[in-house]
There are 2 protein chains.
Amino acid sequence: MKLAKILPFTRTLMDLAVNEGDIAVDATVGNGHDMLYLAQRVGESGHVFGFDIQKEAISATSARLQEHNMLQRVTLFQASHDQLIEKIPAHYHGRITGAMFNLGYLPGGDKRIVTKPDSTIRAIEQLLQIMAKEGIIVIVVYHGHPEGAIERDALLHYTKAIDQKRAHVLKYEFINQMNNPPFIIALEKRS
Amino acid sequence: MKLAKILPFTRTLMDLAVNEGDIAVDATVGNGHDMLYLAQRVGESGHVFGFDIQKEAISATSARLQEHNMLQRVTLFQASHDQLIEKIPAHYHGRITGAMFNLGYLPGGDKRIVTKPDSTIRAIEQLLQIMAKEGIIVIVVYHGHPEGAIERDALLHYTKAIDQKRAHVLKYEFINQMNNPPFIIALEKRS
């Protein structure tokens, strides 16, 4: 397959935004794969802030970063991502160049615990406030479960209405697949 | 802007598919910009077939290719793209790796002459028959004019229903812009 699949394309988009020395955010750390990738991108001189409400996600991510000797590049919060504006120290505000969301439930975890549209949208709003200009937010929307479909619709309604002077909003989606595969919404902050 | 705009992204997609020695198709040559780009991609050992129903498009494209000394790399047909399966010699069938469509009217030309959904869909069907496996078709959908909106809807209806075993269908679109900006539909042939 030559066209980029969803997960590789999230990395392509993040590669545009996050470089050595940058500050990044993983709004849904899950099992820590994106945290590890972001920690590698920002290098020793950058930093990554990660959020998850589930203790097991924080533990798994912490273990994964430690295994790669990169725990000192990250700060993990067992908290909802809609607390990021208060949790991330103020002197980092304006310096965040990339942020990632993987919506839905923790892979391998309790499927009853899912991201919710209201807090997801509040977290995006907070990021648009405290990111650097040209900062990119990548959201992978998993909408195969009932609450995921509701979150998808709320998120599309919200992002379509974002003023085009405030952010570019891109949708990257395979439109002929069965079984509601994930798709990407990416925002680039303009002002 | 870091996220790729529509026209640069069409080139990114075509770059995945079209290389030295390949056979390519421009289904709507217009003023010849994409023909020149495709002729450069395929090199001296490849070939590009171009279609347009308007004489002035064929003339402009021919002049542009001649100016760059690449006229021998292309064959131009003043014909609808739904004749491509009969116009492109049979020994090239199975060897086409990339095809481009810019829907709508000729820039700077007669805006009453526009691409039509039925012939556009027939041309795509023909390409899916005669392209190489992993061949990519990139369609830029201009839907700001009344007939463009009809063509957009017909094309989305058709492409969403393509069997996922036959082709991947990607949509790349900025969803928060005013004034119906163009978007991309890209197909990758699977079987």
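Modeller: Over all chains, the structure holds 14 salt bridges, each a side-chain nitrogen of Lys or Arg within 4 Å of a carboxyl oxygen of Asp or Glu. This is a predicted model, where local features need pLDDT of at least 70, side-chain atom pairs count only at pLDDT 80 or more, and totals for chains, interfaces and linings use all residues. Residues are numbered from 1 along each chain as its sequence is written, chains are lettered from A and ligands numbered from 1 in the order in which they are written, and side-chain values use heavy atoms, with hydrogens and water left out.

Colleague: Which side chain does A:Arg11 meet in a salt bridge?

Modeller: That of A:Asp34, at 3.0 Å from N to O. A:Arg11 lies in helix 1 (residues 6-17) of chain A and A:Asp34 in helix 2 (residues 33-42) of chain A, so the pair ties together parts that are 23 residues apart in sequence. Helices (H or I, at least four residues) and strands (E, at least two) are DSSP runs numbered from the N terminus.

Colleague: Which strand of chain B gives the largest share of the side that touches chain A?

Modeller: Strand 6, with eight residues. Strand 6 of chain A (residues 167-174) pairs with strand 6 of chain B in the antiparallel sense over five bridges; pairing takes at least two DSSP bridges. There, A:Glu173 stands opposite B:Lys171.

Colleague: What rotation superposes chain B on chain A?

Modeller: One of 180 degrees, with 0.0 Å of shift along its axis and an RMSD of 0.0 Å, by least squares on the C-alpha atoms of residues with pLDDT of at least 70 in both copies. That is the relation of a two-fold axis. In chain B, the C-alpha nearest the axis belongs to B:Tyr172, 2.5 Å away.
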